[in-house]
Amino acid sequence: MTWNLSGTFYENCSCEAICPCTWSNMQRAATNDDCRAALLFDIESGDVDGVDVAGTSVLMVIQTPPMMLEGNWKAGLVIDDAASDAQVEALGSVFSGALGGPPGALGPLIADFLGVERLPVSITSEGNRHHVVVGDVADYQLTKHVTPEGEQVQLTNIIAHPASATLDVAHADSVAMDVFGISWSGDGRSGFSNGFSWAA
């Protein structure tokens, strides 16, 4: 089965900005007792074995030990309730890791898959600010960091992140998360937002 997805992702995690799990390629521990993260993938184009999934969104939520490479992750998916049943099935197969590609690389780390829910997803953007709302379970704002000349601040050569090897740095404000019983809140949390392109 072949598939491809591309679009924009918006990430927030419970670490203080910037998440050490990311810049160390999972070689450094989270800044708290564990890592709790939400990665919203807004799919602008995509096909999963003939099912067009363009225009859908998927929120992946994880809870991991401070050292992410230790495994024993909890993970769950929330898919935009505007997606059809066929799109939900196709996206669930991709993001669960069953079809390989970048999500498949996370599979060995996940010990407890919490399932799939369907909720409305809203993403609004104004300049360098992005606001993600998923039902009544996730609400976070990201502000992307730019230089005085207006160039995006980036992390590069990231080999352990599923979205991209280059990540646009942001910080998260007004975070309120409680998804599958995985919850966190606060301000000044770690965040990233940029394009992604997957295929397998």
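This is a predicted model: local features need pLDDT of at least 70, side-chain atom pairs count only at pLDDT 80 or more; totals for chains, interfaces and linings use all residues.
Now the overall dimensions. The chain has 200 residues, and for that number a compact globule would have a radius of gyration near 16 Å. The chain has 16 Å, which agrees. Along the principal axes, the C-alpha atoms fill a box of roughly 45 × 35 × 35 Å. Of the 200 residues, 48% count as buried.

On to secondary structure. There are 13 strands and 3 helices in the chain. If we take contacts between residues at least 6 apart in sequence, 66% of them join residues at least 24 apart.

I will start with strand 1, residues 3–16. Of its 14 residues, 11 are buried, so strand 1 is largely enclosed by the rest of the structure. Strand 1 has two partners to mention. One is strand 2, residues 35–48, which runs antiparallel to strand 1 and is joined to it by 11 bridges. Within that pairing, Gly7 has Ile43 of strand 2 as its bridge partner. The other is strand 13, residues 189–199, again antiparallel and again with 11 bridges to strand 1. There, Glu11 is bridged to Phe192 of strand 13.

Next, helix 2, which covers residues 85–95. Which of its residues are buried? They are Gln87, Val88, Ala90, Leu91, Gly92, Val94 and Phe95. After helix 2 comes Gly97, with a positive phi, near 90°.

The last item is Val153. Where is Val153 found? It sits in the loop between strand 9, residues 138–144, and strand 10, residues 154–155. Is Val153 buried or partly exposed? Its relative accessible area is 33%. Buried would require under 20% and exposed over 50%, so a residue in between is partly exposed. Val153 is therefore partly exposed.

As for its surroundings, leave aside the neighbours within four places in sequence. Val153 is then in contact with His145, Val146 and Thr147, and also with Leu167, Asp168 and Val169. For Ala170, what I have is a C-alpha separation: 8.4 Å from Val153, with the two residues 17 apart along the chain.

Notes: Residues are numbered from 1 along each chain as its sequence is written. Side-chain values use heavy atoms; hydrogens and water are left out. Helices (H or I, at least four residues) and strands (E, at least two) are DSSP runs, numbered from the N terminus. The radius of gyration is taken over C-alpha atoms; the globule rule is 2.2 Å times the number of residues to the power 0.38. Buried means under 20% relative accessible area, exposed over 50%, partly exposed in between (1.4 Å probe, protein chains only). Contact means heavy atoms within 4.5 Å. Two strands pair if DSSP finds at least two bridges between them.
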